[in-house]
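Here is a short tour of the structure below. Have a look at it first, and then we can go through the fold and one of its residues together.

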Amino acid sequence: MATIPQSTKDSVQQRLACRQRERWPELTRVTVRCRGGFAYVTGHRPNGDELPLCRLRYAGSASRWGFAIYRVSHDDYEDSYLPVSTPEDGLDIACNLYLASTTDWT
């Protein structure tokens with residue numbers, strides 16, 4: 001697995017911060033922590049709570065990523081076969097799961 005270049009790490013943080021401001025006002029910010037070929041995305045709530053959201057797997061390009069959702073029930077990440085290609089897609093999927101109101105389903 002390829003290590004994420006610093007320029008890509010910086011770009012992912014900026015892109016996800018922009019997406020959070022555009023679509024996810026329930027969060028005050030998102031942070032990205034990179035380790036090896038993975039980028040771990042955490043949302044921050046207004047009350048100071050941190051919410052692990054997802055793990056992105058670097059696929060050799062800043063525009064191609066794998067995706068794993070954070071599972072609260074197991075305190076781990078579950079690889080997904082959902083069609084995720086950009087970091088923004090991954091953030092949207094995780095936020096839709098963890099932040100969407102159940103009234104949106106009716």
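Helices (H or I, at least four residues) and strands (E, at least two) are taken as DSSP runs, numbered from the N terminus. On that basis, the chain has two helices and five strands, arranged along the sequence as α-β-β-β-β-β-α. Its radius of gyration (over C-alpha atoms) is 13 Å, close to the 13 Å that the globule rule (2.2 Å times the number of residues to the power 0.38) gives for 106 residues, so the chain is as compact as a globular protein of that length.

This is a predicted model: local features need pLDDT of at least 70, side-chain atom pairs count only at pLDDT 80 or more, and totals for chains, interfaces and linings use all residues. Residues are numbered from 1 along each chain as its sequence is written, and side-chain values use heavy atoms, with hydrogens and water left out.

Some values for the whole chain:

| Property | Value |
|---|---|
| C-alpha box along the principal axes | roughly 40 × 25 × 20 Å |
| Accessible surface (Shrake-Rupley, 1.4 Å probe) | about 6200 Å² |
| Buried residues (under 20% relative accessible area, 1.4 Å probe, protein chains only) | 38% of the 106 residues |

Carbon and sulfur atoms hold 48% of that accessible surface.

Now to one residue. Tyrosine 98 sits in helix α2 (residues 87-99) and is partly exposed (between the buried limit of 20% and the exposed limit of 50%), with a relative accessible area of 23%. Leaving aside residues up to four places away in sequence, tyrosine 98 touches (heavy atoms within 4.5 Å) several residues, including Arg45, Leu51, Ile69 and Val72. Between tyrosine 98 and glutamine 13 lie 85 residues in sequence and 20 Å in space, C-alpha to C-alpha.
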